[in-house]
Amino acid sequence: MHAIRKLRESGHATVADYENLLAPNVVFHSPVLIRAAEGRAVVAKIFATSTTLREGAYTGEWKLDDRRTLLRWKGKIQGRELESFDLIEENDEGLIVDRTIAFRPMPAAKLFRDAMRAAMGSAIPDDYWEYSN
């Protein structure tokens, strides 16, 4: 079982717990942000916050090679069905260097985005959420 999955399924994941899994230069790609989030502190906060806003469980895990894992998750946000796929890449030390997530369906992804934006506050600047005119 991948460390992200194990931590999430423990039900007690903290920001510090996620930081322990991440390389200092980790990059996180999400459809709810217009550009990637970078760095251990902010990415760990994103991961820890996201687990408090939705409910569900991982339904699949596939080890693609020595460094990449694909996870499938299904659950709900505000009573609406939400599904995600995660592609996680690790370095030689087993720390996560890159995570890319995809959500569906779009209306539920928007609910998740809005909840994340409110929960993250100023930890992620406005220009990560919206295009400038």
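Please bear in mind that the model is predicted.

At least two lining residues come from each of α1 (3-10), α3 (40-53), β6 (96-104) and α4 (106-120). The greatest contribution is that of α3, with four residues.

I turn now to the charged pairs. The model has 14 salt bridges. One of them joins Arg-99 to Asp-86, with the closest N and O atoms 2.5 Å apart. Because Arg-99 lies in strand β6 and Asp-86 in strand β5, this pair ties together parts that are 13 residues apart in sequence. Arg-99 counts as buried at 5% relative accessibility, and Asp-86 is buried as well, at 1%.

A second pair is Arg-72 with Glu-83, where the closest N and O atoms are 2.6 Å apart. Arg-72 belongs to strand β4 and Glu-83 to strand β5, 11 residues apart. Here Arg-72 is partly exposed, at 27%, whereas Glu-83 is buried, at 6%.

Asp-65 and Arg-68 also form a salt bridge, at 2.8 Å between the closest N and O atoms. Asp-65 is partly exposed at 31%, and Arg-68 is partly exposed at 32%.

Finally, a network of salt bridges links Lys-110, Arg-113, Asp-114, Arg-117, Asp-126 and Glu-130.

How values were computed
Residues numbered from 1 in each chain as written. Predicted model: local features only at pLDDT ≥ 70, side-chain atom pairs only at ≥ 80, totals over all residues. Heavy atoms only, no water. Salt bridge = Lys/Arg side-chain N within 4 Å of Asp/Glu carboxyl O. Buried < 20%, exposed > 50% of the residue type's maximum accessible area, 1.4 Å probe, protein only.
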